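Morning, everyone. I have one structure to go through today, and I will keep it short. Please have a look at it on the screen before I start.

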Amino acid sequence: MVLTLTRDRLKSLAFWWLIFLLPLLPLAWLVDRALALDLGADPAQAIVQFTGIWTLRLLFITLAVTPLRRLFRWSWLQRYRRMMGLYTLFYAVLHLLAFATFIVGWRTDLLLRELSERPYIVVGSLALLLLIPLGVTSTRNWQRRLGPRWAKLHRLVYPIALLAMLHFIWQIRSSFQEQLIYGLILAWLLGYRLWKRLHKRKTARRQVA
Amino acid sequence: MLIKRPDPIKSSEITPESIYRNRRLFLKGLAGTAALALSEGAAAIPAYNLDKDAPQYPGPDWLQQQLRAGVRNEALSTAENPAPYVNVITHNNFYEFGTGKQDPSRKAQNFKTDPWRVEIAGEVEKPGSYNLEDLLRPHTLEERVYRLRCVEAWSMVIPWMGFPLGDLLKRFGPTSRAKYVAFTTLLDPEQMPGQGGFFSTLDWPYIEGLRMDEAMHPLTLLTVGLYGNALPPQNGAPFRLVVPWKYGFKSIKSIVRIELTETMPDTTWNLTAPNEYGFYANVNPKVDHPRWSQATERRLPSSLFSPRIIDTQPFNGYGDQVASLYSGIDLRKWF
């Protein structure tokens, strides 16, 4: 009995580590390519774009936890939602640091100009800014401390997702294929919640009647 | 005893060195173009040590001969270091082969560039369709090292080989009605996967244009070579334009048609987003793109921890030669 429990625990611990390490793979690949000088003539732009797109992907993975859990009854997914949310913040911070270091070289005049003038950078910065309090309050302790306000605060993730998407769309020069695909995924992630909400309200009303 | 005090005004403040040097270079350049074979502006093409692992593009025999007979136009070349060959052939905006910077170098390798026909049309005395070989034959190829400034705020220094567009146009006798030149890129979705894309806002074929005086300017180069070799397909082989004082998108690639017109031609990016891309598209640090600043540029290849951020120069540093073309024009309105 004790033995099987330990084995189960070990298994689940191994699984946790597996999930924990997965989102680090893109970063490992990027560092490897950068050290091999294999990112082309403009590695700065390549790194900024790569960390940016992975921020968006991890944000979508975070947002996918709830619908997937409900649709497929994968209750185990819930355990990893915070982890994915924190990874989103991690990649977003890398994205900003890469931009500030590799693109503008920490020249404050340029940084301020970019942050205030380029509309898509303003929108992206706002999304990152809003993401920070969610990261800070992601602990059990904060969850307890904030009570019901915690869920309300963390609904900020929806406007953050919309801002991040706008940040991406605003950079289209001619081809909008990628943005269309990401936009459709986000539409489903948010649409699912909206539909559930409306549905719940309807059934609630019926019950009252 | 004579006590020497420092001058209150440094001589460099009276006339910046870059300006007077440029002016001399320009005069020398004009002379050089007129009589290149004899002039002091001409020099041998340097023997480039191209990366052996990088693909080489020798080009067809007839072109190789002409490239070998080429001379370097020192006077119209910048002394700045060219970007490494491998960077020039793998960092391309050539949306006919995809929108990623490395897409053209991956997808254009089977692009058929020989034989190649070019149509000369419109307001000329001798219109017609010609083999590229015949079009090129009378011209001495010149190497010119130019700065290329992309509208996306990066830049590169590139050694091109070509000859002045004006020399070609003169041969076909522009009529008095010729006010503009319109250029067209090949339309061939089978070879150019980007033209078949459903998700692009651009209309194909790609069209660019110049005013007649811009086209006749000695800096405006019809280009067939790069780094002493033929143009690689991803760089616009076999025949492209290079207009160094304008944003890169004006320098149209893989040209199949040159038409002289009386009215300003509709150009591809201008049609797609007229508020973002003007017909003139002169490099101008004072006129921002609506979505980003044009005041500075990143000189490629970039090194990660010390990005080479430099101030963008009006007309990409060719102002002494070309600013007079636009005297009396509001460059904010005609961006």
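What share of the contacts in chain A with a separation of 6 or more comes from residues 24 or more positions apart? The figure is 61%. Keep in mind that this is a predicted model.

Let me stay with chain A. Its secondary structure consists of ten helices and zero strands, so the pattern along the sequence is simply α-α-α-α-α-α-α-α-α-α. The C-alpha trace spans about 60 × 55 × 35 Å along its principal axes. Chain A has 209 residues, and 22% of them are buried.

On confidence: chain A has a mean pLDDT of 93, with 96% of its residues at 70 or more. Among its elements, helix H9 of chain A, residues 157–169, has the highest mean, 98. The lowest mean, 84, belongs to helix H1 of chain A, residues 2–21.

Now chain B, where I want to show you a sheet. It is an open sheet of five strands with mixed pairing, in the order E4-E3-E12-E7-E8. The edge positions are taken by strand E4 (128–131) and strand E8 (207–211) of chain B; each has a single partner strand, so one side of each has no neighbour in the sheet. From one strand to the next, the twist averages 20°.

Terms used. Residues are numbered from 1 along each chain as its sequence is written. Chains are lettered from A and ligands numbered from 1 in the order in which they are written. This is a predicted model: local features need pLDDT of at least 70, side-chain atom pairs count only at pLDDT 80 or more; totals for chains, interfaces and linings use all residues. Two strands pair if DSSP finds at least two bridges between them. Helices (H or I, at least four residues) and strands (E, at least two) are DSSP runs, numbered from the N terminus. Axes are lines fitted to C-alpha atoms, for helices over the stretch in contact, and angles run from 0 to 180 degrees between N-to-C directions. pLDDT is the predictor's confidence in each residue, from 0 to 100. A residue is buried if 20 or more other C-beta atoms lie within 10 Å of its own, exposed if 12 or fewer, and partly exposed in between; C-beta atoms are placed from the backbone. Two residues are in contact if their C-beta atoms, placed from the backbone, lie within 7 Å.
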